[in-house]
Amino acid sequence: MAREGEAGAWLEAVQDATTLVLKAKGDWIVAHADGADKSLAQVDVRGRRSVIFDLAAIGKLDTTGAWLLHRAQRQFQTQGAVATYIGANAAQATLLDAVTKGDRPTVDHPAHGNPIMVIVERMGRTLEEIGITLRDATAFFGLVLETLGKTILNPRRMRLTSTVYHMEQAGLNAVPIVSLISFLIGAVLAFQGAQQLRKFGGEVFTVNLVAISFLREVGILLTAIMVAGRSGSAFAAQIGSMKVREEIDAMRTLGLDPAEVLVLPRVIALIVMMPLLGFIAAFMGLSGGGLVVLLNLGMSPEMYIQRLYDALDFWDVFTGVIKAPVFGLLIAVIGCFEGMKVEGSAESVGQRTTASVVEGIFTVIVVDAFFSILFIQLGV
Amino acid sequence: MTGDAIISVRDLKTQFGDQVIHEHLDLDIYAGEVLGIVGGSGTGKSVLLRTILGLNPPVAGSIEIFGKLRSQMTPEDAHAVERRWGVLFQDGALFSSLTVTQNIQVPLKEHLKLPVQLMNEIAALKIALVGLPAEAGPKYPSELSGGMRKRAGLARALALDPEIVFLDEPTAGLDPIGASAFDELIKNLQATLGLTVFMVTHDLDSLYAICDRIAVLADKRVIVTGPISEMLKQEQPWIREYFHGPRGRAAMAAKSAPPRS
Ligand SMILES: Nc1ncnc2c1ncn2[C@@H]1O[C@H](COP(=O)(O)OP(=O)(O)O)[C@@H](O)[C@H]1O
Ligand SMILES: [Mg+2]
């Protein structure tokens with residue numbers, strides 16, 4: 001045993017013309033591996049015919065210490081010296097044997113190449129992944145529509161309890177935050193609009209500004225973004241963790257269709273709840289705008305409502321309504337799709353959850369742009 | 001062959017809510033022994049292991065580890081103790097975002113400062129020692145089978161060459177050849193490193209092959225401890241059924257049969 005205060009692992013060399021005897025001293029354990037490694041690296045065997053490791057005076061020996069000795073032995077052999085051990089007790093000999101058996105070419109982690117090539121390669125990979133995601137998402141979308149169709153033809157297959165649960169989670173529980181944000185944005189929009197319109201005496205048109213922008217675009221977009229952040233991510237995380245624990249596989253083997261059991265209730269819940277949330281958002285936005293108009297322009301509530309009637313036509317209300325279920329469908333499908341794409345690890349759940357939010361918001365905005373073009377072309 | 005108790009549990013009580021798992025439980029673990037813990041499903045073997053590891057606070061009783069009372073340990077003491085043990089959880093509990101090699105290097109990096117090259121070699125060696133192919137190193141846990149994950153978990157538990165390893169049903173999920181190889185490995189490590197092993201197991205072959213002592217968990221406490229020969233003499237119905245049932249007899253026969261050559 002190494003004496004206290006002399007912790008470490010080191011070598012003492014005794015040499016004659018042809019033979020080098022290395023006495024291993026101290027504890028050759030992982031905690032002292034660095035020192036042991038260095039003292040072995042200093043040994044110079046050039047010109048020696050044989051090297052003998054003398055383990056008689058060694059303290060403790062563990063696998064790392066044994067590994068270092070074995071590695072040195074191998075290295076000395078390749079340098080032309082015959083390296084052997086003496087003085088190892090039975091246990092140490094067994095350990096050295098085990099380590100010798102465990103010596104095999106290491107399989108390295110893929111090396112990092114040229115940084116520019118790595119960037120180019122990563123870009124290529126990302127592009128390819130986007131392509132694959134688009135294809136798979138389209139396929140998944142088709143699957144959901146098919147399942148939806150089947151369920152409409154045979155409504156008894158619908159999972160009512162689960163659907164209602166998700167309507168509550170994703171819809172009802174989102175009401176407070178959607179209301180609050182819409183109210184504030186409505187007020188801000190009215191305030192800023194009034195400031196600008198005042199410059200050419202058109203303050204009264206603040207009402208038109210708030211009403212039309214909120215009903216056509218802002219209300220439903222705000223709602224969609226919040227729902228993507230709240231519920232799209234929740235769907236991805238829920239389904240993703242089930243995937244990690246092989247619950248989805250278990251479901252399949254039990255003859256349950258995950259699309260029907262997990263995806264459809266969430267999709268239906270959002271399709272139903274989005275118009276409701278959109279309506280609430282519009283109402284609260286108009287209320288927020290109304291409050292500013294009331295305080296800032298001194299318009300009475302009756303007058304505000306009258307002006308709303310004058311400013312809006314049927315299509316201003318209807319375009320918002322028509323978009324809501326489509327956005328709900330897209331957000332739910334993307335959330336579930338990303339959840340199903342989770343593979344293996346907890347980290348994957350995190351990545352897919354993030355992706356569900358990013359892709360959800362992106363898709364909603366792109367589709368909203370298409371709607372705008374469509375409505376303009378139709379002249380509504 | 002057994003020395004002093006390196007872990008002693010006295011009058012331990014654990015419970016979850018109203019459900020009492022252990023009460024008046026005493027257990028000693030001696031240096032250099034392989035201690036097998038057996039007991040019916042749900043008798044609290046895993047909970048006992050977690051309690052000793054400090055993952056599950058006991059309601060009453062004391063746990064002494066390497067001569068220090070758990071309840072009086074400072075965070076530094078606890079950190080020092082963690083260096084001296086390795087744990088293999090029931091399903092491996094590998095970090096899923098790291099490769100097998102990186103998993104093995106986690107304790108090395110946490111507790112020591114070693115050159116990268118040496119850490120890679122140590123990881124490769126441990127992978128070899130637990131009987132995994134070298135190709136397993138750069139793989140992620142999700143790319144391995146259950147049995148391989150278990151071996152990788154063992155490799156991580158052995159990373160720091162601990163004095164004691166805690167194994168929760170290590171051979172469950174391994175094929176019979178792999179299970180015997182594992183027993184062999186534990187035996188070797190114990191012989192070479194003076195390793196102490198605390199092993200929850202249902203594998204009767206392991207109990208016969210490598211356990212020096214067996215502790216039986218029943219009625220919320222350890223009802224008997226002793227070598228296998230003692231277990232065979234016990235009259236307690238569960239123990240009789242366990243060691244004299246069809247599987248028990250088969251394992252006994254396998255042990256006493258002359259080795260084939
Ligand atoms: N975190 C926990 N919360 C509540 N009960 C638990 C918890 N962990 C274990 N139990 C209960 O403790 C008992 C013992 O569990 P465990 O130690 O896992 O059994 P086993 O002996 O099969 O390993 C079981 O009844 C289990 O339900
Ligand atoms: Mg258990």
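**Exercise 1. Find which atom of ligand 1 is 2.8 Å from a polar backbone atom of B:Gly42, then describe the shell around the ligand.**

*Solution.* Start at B:Gly42: one of its polar backbone atoms is 2.8 Å from an oxygen atom of ligand 1, where a polar contact is a pair of N or O atoms within 3.5 Å (within protein, one must be able to donate a hydrogen and the other to accept it, and residues adjacent in sequence count only if both atoms are side-chain atoms). Next, a backbone N or O atom of B:Thr43 lies 3.4 Å from a ligand oxygen. B:Ser46 uses its side chain instead, with a polar atom 2.7 Å from an oxygen of ligand 1. Ligand 1 taken alone exposes 570 Å², and the protein buries 58% of that (Shrake-Rupley areas with a 1.4 Å probe; for residues, only the protein chains shown count as cover).

Before moving on, a word on the model: it is predicted, so local features need pLDDT of at least 70 and side-chain atom pairs pLDDT 80 or more, while totals for chains, interfaces and linings use all residues. Residues are numbered from 1 along each chain as its sequence is written, chains are lettered from A and ligands numbered from 1 in the order written, and side-chain values use heavy atoms, without hydrogens and water.

Now the shell: it includes B:Phe16, B:Gln19 and B:Lys45 (a residue is near if one of its heavy atoms lies within 4 Å). Its largest share, three residues, comes from α1(B) (helices are DSSP runs of H or I, at least four residues, and strands of E, at least two, numbered from the N terminus). By class, the shell has three nonpolar, seven polar and one charged residue (Ala, Val, Leu, Ile, Met, Phe, Trp, Tyr, Cys and Pro are nonpolar; Asp, Glu, Lys and Arg charged; the others, Gly among them, polar).

**Exercise 2. Work out which helix gives the largest share of the lining of the largest pocket.**

*Solution.* The largest pocket has a volume of about 1200 Å³ (on a 1 Å grid over the protein atoms alone, a pocket is an open set with protein on both sides within 12 Å along at least five of seven lines, and lining residues have an atom within 4 Å of a point; a cavity is a set of points where a 1.4 Å probe fits but cannot get out). Grid points are joined across faces, edges and corners, and a volume is the space filled by probe spheres set on them. Among the residues closest to its centre are A:Thr133 and A:Lys341. The answer is α12(A), with 11 residues.

**Exercise 3. State how much space lies in the largest cavity.**

*Solution.* That space is about 30 Å³. Its lining includes A:Arg157 and A:Ile268.
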